[in-house]
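The stops below are given in the order in which they may be selected.

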Amino acid sequence: MNESQHNSLGWMLDEALRMPEAKHAILLSADGLLMAHSKNISREDAERQAAAMSGLQSLARSTAEFCGNPDMPWQQTITEFDFGYVFLVAAGPRAYVAASATERIDVETMTHRLMELVQRLGKELTAMQRTGVGGSA
């Protein structure tokens, strides 16, 4: 499978990043496998980040009890650094979107764009599951 076939949803990530100070985005499975990446990150770097984001998601999910209800589903994690942010958002059944931005990003706008992306990706991922392995519906 060539890069463009493997990265068929990358264009959706690129669209979500069309705002000042947004940098990279990846779509990953819960087990840390890269599903798609924006054009401005190499496949190798995207795969490494996918593995890391899977771990971050797992850690975040394990702290739900700290909020008072360990049975509530995890939705998102935002990590802030002196030089930027990492956003990690639930994107459907066992799928997540991670995005990065500089410290000058409008966090509220970025979060909103990622939520819109998740809505669009949900439809695509559901369609992919129906027509997945073996082409069965």
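In which loop is Arg94 found? Select the loop between S4 and S5, for Arg94 is found there. Phi of Arg94 is near 60°, a positive value in a residue other than glycine. At 57% relative accessibility, Arg94 counts as exposed; exposed means over 50% relative accessible area, buried under 20%, and partly exposed in between (1.4 Å probe, protein chains only).

This is a predicted model, in which local features need pLDDT of at least 70 and side-chain atom pairs count only at pLDDT 80 or more, while totals for chains, interfaces and linings use all residues. Residues are numbered from 1 along each chain as its sequence is written, and side-chain values use heavy atoms, with hydrogens and water left out.

Next, select Glu21, in the loop between helix H2 (10-16) and S1. Glu21 has a positive phi of about 80° although it is not a glycine. With 26% relative accessibility, Glu21 counts as partly exposed.

Now colour the whole chain by secondary structure. Five helices and five strands are present, in the sequence pattern α-α-β-β-α-α-β-β-β-α. Helices (H or I, at least four residues) and strands (E, at least two) are DSSP runs, numbered from the N terminus. Of the 137 residues, 39% count as buried.

Of its 25 residues, Leu27, Ile105, Met110, Leu114, Leu117 and Leu121 touch the most other members. H2, S1, S4, S5 and helix H5 (107-130) each give two or more residues to this core, and H5 gives the most, with six. Select Leu117: leaving aside residues up to four places away in sequence, Leu117 touches Met12, Leu13, Ala16 and Val97, where contact means heavy atoms within 4.5 Å. A second, separate core of 14 residues includes Leu28, Ala30, Met53 and Val86.

Finally, display the largest pocket. A pocket is an open set of points on a 1 Å grid over the protein atoms alone, where a 1.4 Å probe fits, with protein on both sides within 12 Å along at least five of seven lines; lining residues have an atom within 4 Å of a point. The largest pocket is lined by 18 residues, of which His24, Gln49, Met53, Val86 and Ser100 lie nearest its centre. Strand S1 (22-29), helix H3 (43-62), strand S4 (84-90) and strand S5 (95-102) each supply at least two lining residues.

Notes: A nonpolar core is a set of buried Ala, Val, Leu, Ile, Met, Phe, Trp, Tyr and Cys residues joined through side-chain atoms within 4.5 Å.
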